[in-house]
Amino acid sequence: MYEEKTERLILPVLEKNQFELVDVEYVKEGGSWYLRAYIEKEGGITVDDCETVAREMNELLDKEDFVEDSYIFEVSSPGLLRPLKKEKDYIRNMGKLIEIRTYRVIDHKKEFQGFLKAYDKDSVTIIDENEQDIVIARKEIALIRQAFTF
């Protein structure tokens, strides 16, 4: 509810600055509520980018005043290890190395890695190191994100 309203408010701000919205969340951590917007742009987000969006959004949030609880508003980059959540995340990661963790054991394991080959509303397909297709039902996926080797 708060996420959807925040998303509607922030999109024009982001479009004006040529940023992309990755996610909005409203969560309680350590006794405080946080309303967070994760933003991205080609080449990465800077602290100044976050400050620009936060300044404009704080004015809009104060004016709209739709969040009942006391909260802290934050704008940040989602980071390299962010989960794939939206359609554009999957599009951006097609052909890239992906790591998937499942809720339960599938074929004797709960962690999979491979190159993202396909996805739809029900499943995700990756190609493993043996060039085999692995199809995992979305309802089984606890975490899916781009894999990085350091």
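The legends below accompany an overview and several close-up views of a predicted model of one protein chain.

**Figure 1. Overview of the protein chain in the predicted model.**
The protein chain contains three helices and eight strands. Their order along the sequence is α-β-β-α-β-α-β-β-β-β-β. Taken along the principal axes, the box filled by the C-alpha atoms is roughly 55 × 35 × 30 Å. The protein chain has 150 residues, of which 39% count as buried. It exposes about 9400 Å², and carbon and sulfur atoms supply 47% of this area. Among contacts between residues at least 6 apart in sequence, 51% join residues at least 24 apart. The side chains include 23 positive and 33 negative ones, and the centres of these two sets lie 2 Å apart.

**Figure 2. Helix H1 and the bend at Ile10.**
Helix H1 covers residues 2–17, a run of 16 residues. From its first C-alpha to its last, H1 reaches 23 Å, close to the 22 Å expected at 1.5 Å a residue. At Ile10 the helix bends by about 35°. A proline, Pro12, follows the bend within four residues. Just after H1, Gln18 takes a positive phi of about 60°.

**Figure 3. The buried residues of H1 and their cover.**
Which residues of H1 are buried? They are Tyr2, Thr6, Leu9, Ile10, Val13 and Leu14.

**Figure 4. Helix H2 and its buried residues.**
The 18 residues of H2 should span 26 Å at 1.5 Å a residue, and the end C-alpha atoms are 25 Å apart, so the two values agree. Asp49, Cys50, Val53, Ala54, Met57 and Leu61 are buried in this helix. Their cover includes H1, S2 and S3. Just after H2, Asp65 takes a positive phi of about 45°.

**Figure 5. Asp107 and His108 in the loop between S4 and S5.**
Most residues other than glycine have a negative phi. Asp107, although not a glycine, has a positive phi of about 50°. His108 is likewise not a glycine, and its phi is positive at about 70°. Asp107 is placed in the loop between strand S4 (97–106) and strand S5 (109–119), and His108 is found in the loop between S4 and S5. Are these residues buried or exposed? Asp107 has a relative accessible area of 64%, over the 50% cut-off, and is therefore exposed. His108 is exposed because its relative accessible area is 79%.

Lys86 is found in the loop between S3 and helix H3 (87–92). Its relative accessibility is 22%, so Lys86 counts as partly exposed. Asp23 and Lys86 are 63 residues apart in sequence, while their C-alpha atoms are 8.4 Å apart in space.

**Figure 6. Asp133 in strand S7.**
Asp133 is placed in strand S7, which comprises residues 133–137. At 44% relative accessibility, this residue counts as partly exposed. Not counting residues up to four places away in sequence, Asp133 touches Lys117, Thr125, Ile126 and Ile127. Asp133 and Thr52 are 81 residues apart along the chain, and 44 Å separates their C-alpha atoms.

**Figure 7. Phe148 in the segment after strand S8.**
Phe148 lies after strand S8, which comprises residues 141–146. With a relative accessibility of 30%, Phe148 counts as partly exposed. Its C-alpha atom is separated by 28 Å from that of Tyr34, a residue 114 places away along the chain.

Technical notes. Residues numbered from 1 in each chain as written. Predicted model: local features only at pLDDT ≥ 70, side-chain atom pairs only at ≥ 80, totals over all residues. Heavy atoms only, no water. Helix = DSSP H or I, 4+ residues; strand = E, 2+ residues; numbered from the N terminus. Expected span 1.5 Å × (residues − 1). Bend = angle between axes of the 7 residues up to and from the residue. Buried < 20%, exposed > 50% of the residue type's maximum accessible area, 1.4 Å probe, protein only. Contact = heavy atoms within 4.5 Å. Areas by Shrake-Rupley, 256 points an atom, 1.4 Å probe, with all protein chains shown as cover. Lys, Arg positive; Asp, Glu negative; His and termini not counted. Charge placed at Lys NZ, Arg CZ, Asp CG, Glu CD.
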